[in-house]
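Welcome, and please take a look at the chain shown here. The report below walks through its sheet, one of its helices and a few side chains.

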Amino acid sequence: MFNSLEMAAISQFGFSHDNPLESRRKAGLIFERALRRGKARAFWSRVTGKANGLRDLSHISPAVAPRPARQAGVVNIPLAKIVGSENRVRDFDSAFYPLSDHNRDRWIGIAVARRNGASLPPVELIQVGEEYYVRDGHHRLSVARASNQVEIEARIAFVLQA
């Protein structure tokens with residue numbers, strides 16, 4: 001699980017509360033749990049025939065012209081209103097659980113930064129009616145959901161008529 005440099009650091013510093021290796025290990029365990037949930041939900045979706053994927057923004061009519069967002073700056077958006085993605089529908093399910101292992105390093109890095117109190121940039125969303133689609137920030141959203149967060153800071157890129 002740890003390489004030789006990491007083992008040397010563990011032997012020198014131990015697993016203290018401030019140990020970056022311990023933070024990564026804990027974040028890795030949380031990622032594994034989220035990945036298992038995502039895969040289990042995908043399996044159950046196939047068994048029941050119920051859709052469980054993120055909605056794809058490209059399915060919105062291309063004739064709809066974007067207009068500037070009403071709200072400038074950063075706003076808090078309920079995670080329950082974020083239902084889809086502009087381009088990453090195969091990486092996460094409808095609850096933003098990761099669906100594959102290739103998200104691991106980025107996801108863990110964000111989880112560690114969040115745990116250490118680092119300031120993360122707001123996610124970027126596209127508003128369609130009362131729902132939102134992710135333009136940027138899929139991993140931040142996934143970590144927020146795994147942490148039982150209810151809202152997330154976001155910038156609204158633009159609004160599409162529903």
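Which residues of strand β2 (residues 74-78) lie on the covered face, and which on the uncovered one? In this predicted model, V75 and I77 make up the covered face of β2, while V74, N76 and P78 make up the uncovered one.

The partner of β2 is strand β6 (residues 151-160); the two run antiparallel and are joined by 5 bridges.

## The overall fold

Stepping back, the protein chain has 4 helices and 6 strands. Their order along the sequence is α-α-β-β-β-α-β-β-α-β. The chain has 162 residues, and 36% of them count as buried. Its accessible surface is about 9,500 Å², with 53% belonging to carbon and sulfur atoms.

The 6 strands form an open sheet with mixed pairing, in the order β1-β3-β5-β4-β6-β2. At its edges are β1 (55-56) and β2, each of which pairs on one side only. For β1, the pairing is with strand β3 (residues 82-85), in the parallel sense and over 2 bridges. Within this pairing, R55 stands opposite G84 in β3.

Helix α4 packs on the sheet, where α4 touches β3, β4 (123-128), β5 (131-136) and β6. The direction of α4 makes about 125° with that of β5.

## R140 in helix α4

Now let's visit a residue of that helix: R140 sits in α4, which spans residues 138-146. Is R140 buried or exposed? Its relative accessibility is 10%, so R140 counts as buried, the cut-off for that class being under 20%.

Where do the polar atoms of this side chain find partners? One lies 2.7 Å from the backbone oxygen of P121, and the R140 side chain also reaches the backbone oxygen of P122, at 3.0 Å. Neighbours within four places in sequence aside, R140 is in contact with I110, L120, P121, P122, V123 and I152.

With a relative accessible area of 2%, S142 is buried. Which backbone oxygen lies 2.6 Å from a polar atom of the S142 side chain? That oxygen belongs to F96. Not counting residues up to four places away in sequence, S142 touches F92, F96, Y97, P98 and W107.

As a reminder, a pair of aromatic rings is described by the distance of the centres and the angle of the planes. The model has 2 aromatic pairs, and one of them is formed by F92 and F96, with 6.2 Å centre to centre and 40° between the planes. Why is this pair called tilted? Planes under 30 degrees apart count as stacked and those over 60 as edge-to-face, so the 40° of F92 and F96 falls into the remaining class, tilted.

F92 counts as buried because its relative accessibility is 0%, and F96 counts as buried at 0% relative accessibility.

Note on methods: Residues numbered from 1 in each chain as written. Predicted model: local features only at pLDDT ≥ 70, side-chain atom pairs only at ≥ 80, totals over all residues. Heavy atoms only, no water. Phe/Tyr/Trp six-rings, centres within 6.5 Å; stacked < 30°, edge-to-face > 60°. Buried < 20%, exposed > 50% of the residue type's maximum accessible area, 1.4 Å probe, protein only. Pairing = 2+ DSSP bridges. Polar contact = N/O pair within 3.5 Å; in protein donor to acceptor, adjacent residues only side chain to side chain. Contact = heavy atoms within 4.5 Å. Areas by Shrake-Rupley, 256 points an atom, 1.4 Å probe, with all protein chains shown as cover. Axes fitted to C-alpha atoms, helices over the stretch in contact; angles between N-to-C directions.
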